[in-house]
Amino acid sequence: WFRSSSYGDEKDRVVIRENGAKTYFASDIAYHYEKRKRHYTHLLDVLGADHHGYVARLSAGLQAMGEPAGCFEALLVQFVTLYRGSVKAQMSTRAGEYVTLRELREEVGNDAARFFYVSRSNDQHLDFDLELAKKQSNDNPVYYIQYAHARVASILCRTQEADINFQDTDTLSLDRLTEPAEHNLMVALSRYPEIIQLAADKRAPQHLVHYLQRTAASFHSYYNAHRILVDDSILRKARIALTLATQQVIRNGLTLLGVSAPERM
């Protein structure tokens, strides 16, 4: 027995069974201790919500071997419920009825699978709508964000076709961007570093997901209300610079999430 109750656990734990076989807990203690000996300063476990009782005992095991309590952290991940529209997919681990992540990726694609999974906090249940994830419309948040990136690529194609030069930054006058929609978009772009810091500190990628949705919405509103390639060359260059900045931020954010940023859709 390991007297884990001396280190904050609710009760003591068996490490070696009566027949001499080691428990899973014994292997887990060794695994985490060995990582500390390889000079890993912080151990981060991702566990299912039904394994919440493991957190205290693992922390106790490390403390008992002289490791600091703060070196171990566990994130508990809630369950995912799959839907096809309004119909819930029936799954039961005991009955052997389940959908694997590989099957999910094959049906909806890697982009949608990754995006939907990180769109909610890990401690909240996720209702995954398979039909929504496959939609190629603005109802699908993945498509909506990727479409903003592709729209900018389309603008760049039109500049090449019209032989419009916008590379000369010496004559760039961003003070010409005076429309409220332009101001809203610039404010959104300026918040990107802050959002990345927040997502990293809180271990919460959903902050980046929601930011990209809002930024894409700001860009779509701007694009629908104002022409980018106007006749005024000074204003046109400023608007192209703003759209390029938007594309860069969206591409950076999607890349961090492991989602592609297509040029065409």
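These questions and answers walk through contacts, cores and salt bridges in a predicted model.

Residues are numbered from 1 along each chain as its sequence is written, and side-chain values use heavy atoms, with hydrogens and water left out. In this predicted model, local features need pLDDT of at least 70 and side-chain atom pairs count only at pLDDT 80 or more, while totals for chains, interfaces and linings use all residues.

Visitor: Is Glu67 buried or exposed?
Guide: Glu67 lies in the loop between helix 2 (53-64) and strand 2 (72-77). Helices (H or I, at least four residues) and strands (E, at least two) are DSSP runs, numbered from the N terminus. Buried means under 20% relative accessible area, exposed over 50%, partly exposed in between (1.4 Å probe, protein chains only). Glu67 has 10%, so Glu67 is buried.

Visitor: Which side chain makes a polar contact with the side chain of Glu67?
Guide: A polar contact is a pair of N or O atoms within 3.5 Å; within protein, one must be able to donate a hydrogen and the other to accept it, and residues adjacent in sequence count only if both atoms are side-chain atoms. For Glu67 the distance is 2.7 Å, and the partner is Arg36.

Visitor: Which residue forms a salt bridge with Glu67?
Guide: A salt bridge is a side-chain nitrogen of Lys or Arg within 4 Å of a carboxyl oxygen of Asp or Glu. Here the closest N and O atoms are 3.5 Å apart, and the partner of Glu67 is Lys37.

Visitor: How many residues apart in sequence are the parts that Lys37 and Glu67 tie together?
Guide: Lys37 sits in helix 1 (residues 24-37). Glu67 sits in the loop between helix 2 and strand 2, so the pair ties together parts separated in sequence by 30 residues.

Visitor: Where is Arg176, the salt-bridge partner of Asp232?
Guide: The closest N and O atoms of this pair are 2.6 Å apart. Asp232 is in the loop between helix 9 (206-225) and helix 10 (233-257), 56 residues from its partner; Arg176 is in the loop between helix 6 and helix 7.

Visitor: Which residues have the most contacts inside the largest nonpolar core?
Guide: A nonpolar core is a set of buried Ala, Val, Leu, Ile, Met, Phe, Trp, Tyr and Cys residues joined through side-chain atoms within 4.5 Å. The largest has 42 residues, and those with the most contacts inside it are Val108, Phe115 and Phe128.

Visitor: How many residues are in the second, separate core?
Guide: Its members include Val15, Ala26, Leu43 and Ala60. The count for this second core is 13 residues.
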